[in-house]
Amino acid sequence: MPTLEETLKRLAITFTVSDIMIPETRLVCAGDEIEAAQVSKDNPDFNVIPIRLNGRLTGYFERDSHITSQIALNDLISDGTSLLDLVETFEDREFSFVLSHRQISGYVHYSDLNHHLLKLSFYVILEALERQVLSSIRRNDDREYLSRNLDPSRFAQIAQQYKRDGDAARSLFNYLNISDILRLAVKAGTIQIDDDVIKAMKKARDEAAHASENIVADYRAVNRLAKVKRECLRILSAA
């Protein structure tokens, strides 16, 4: 029987780019380069205007550079690309056309990383990471251990929350957030991870948990998210 962590990791790779792409039939397209420039002006929110010739997508016009290009191999990704792998694809480019059965079936932009399925995938792997790392540091003497290893102000905050919940409270460990847990594990020597990555994981976890927040605010955030993904899977796979 798979462990909880294995189940969470499987769930995180279940969704693919085909679940979040804009289908080819819904794309705002132009018939040639001249028309593409005008369509781009009429639709300033769109970074890319695909060009359709004889019923097939053959090229695209980019709003910011005003350059028209033919669709090449490095512009394409498979419709089976997992959403987690898609994040790393966007480290090198801002958009891709999606290939299904040797035909272009859709388009995906780095802003699509804010889709709820992508956010769910990150929430899942961060949840798996939190559970796994917490199990490596949990102690029976939770009050003594945490008072000794947490920042005093942070411990006081957790202790107050525990006291407030009265009989409903189970353990002080239940009041730790993901950054608390990761820093305790680093201090205990059970994992190695930089503090800037811990902060990025906490930020991604918070953004993934709230429907109104974007997990990618701009293109620079893609690299941060890709690093979070790589470090999550590195730690999970080392267990």
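**View 1. R139 sits over the ring of Y145.** In this predicted model, R139 lies over the ring face of Y145. The distance to the ring centre is 4.7 Å.

**View 2. R205 sits over the ring of Y123.** Here R205 lies over the face of Y123. The distance from R205 to the ring centre is 4.6 Å.

**View 3. F95 and F97 form an edge-to-face pair.** The structure holds eight aromatic pairs. In the pair of F95 and F97, the ring centres are 6.2 Å apart and the planes meet at 85°, so the pair counts as edge-to-face. The cut-off for edge-to-face is an angle over 60 degrees, with centres within 6.5 Å. F95 is buried. F97 is buried too.

**View 4. Y60, F95, F97 and Y107 make up one aromatic cluster.** F95 and F97 belong to this cluster. Y60 and Y107 are its other members.

**View 5. E207 is a buried residue of helix α8.** Helix α8 spans residues 195-209 and includes E207. The relative accessible area of E207 is 8%. Buried means under 20%, so E207 qualifies. The side chains of E207 and K203 are joined by a polar contact of 2.9 Å.

**View 6. E207 has contacts beyond its sequence neighbours.** With neighbours within four places in sequence set aside, E207 touches K119, E213, N214, I215 and R224. S105 gives a reference point for distance: E207 and S105 are 102 residues apart in sequence. Their C-alpha atoms are 30 Å apart in space.

Terms used. Residues numbered from 1 in each chain as written. Predicted model: local features only at pLDDT ≥ 70, side-chain atom pairs only at ≥ 80, totals over all residues. Heavy atoms only, no water. Phe/Tyr/Trp six-rings, centres within 6.5 Å; stacked < 30°, edge-to-face > 60°. Buried < 20%, exposed > 50% of the residue type's maximum accessible area, 1.4 Å probe, protein only. Lys NZ or Arg CZ within 6 Å of the ring centre and 35° of its normal. Helix = DSSP H or I, 4+ residues; strand = E, 2+ residues; numbered from the N terminus. Contact = heavy atoms within 4.5 Å. Polar contact = N/O pair within 3.5 Å; in protein donor to acceptor, adjacent residues only side chain to side chain.
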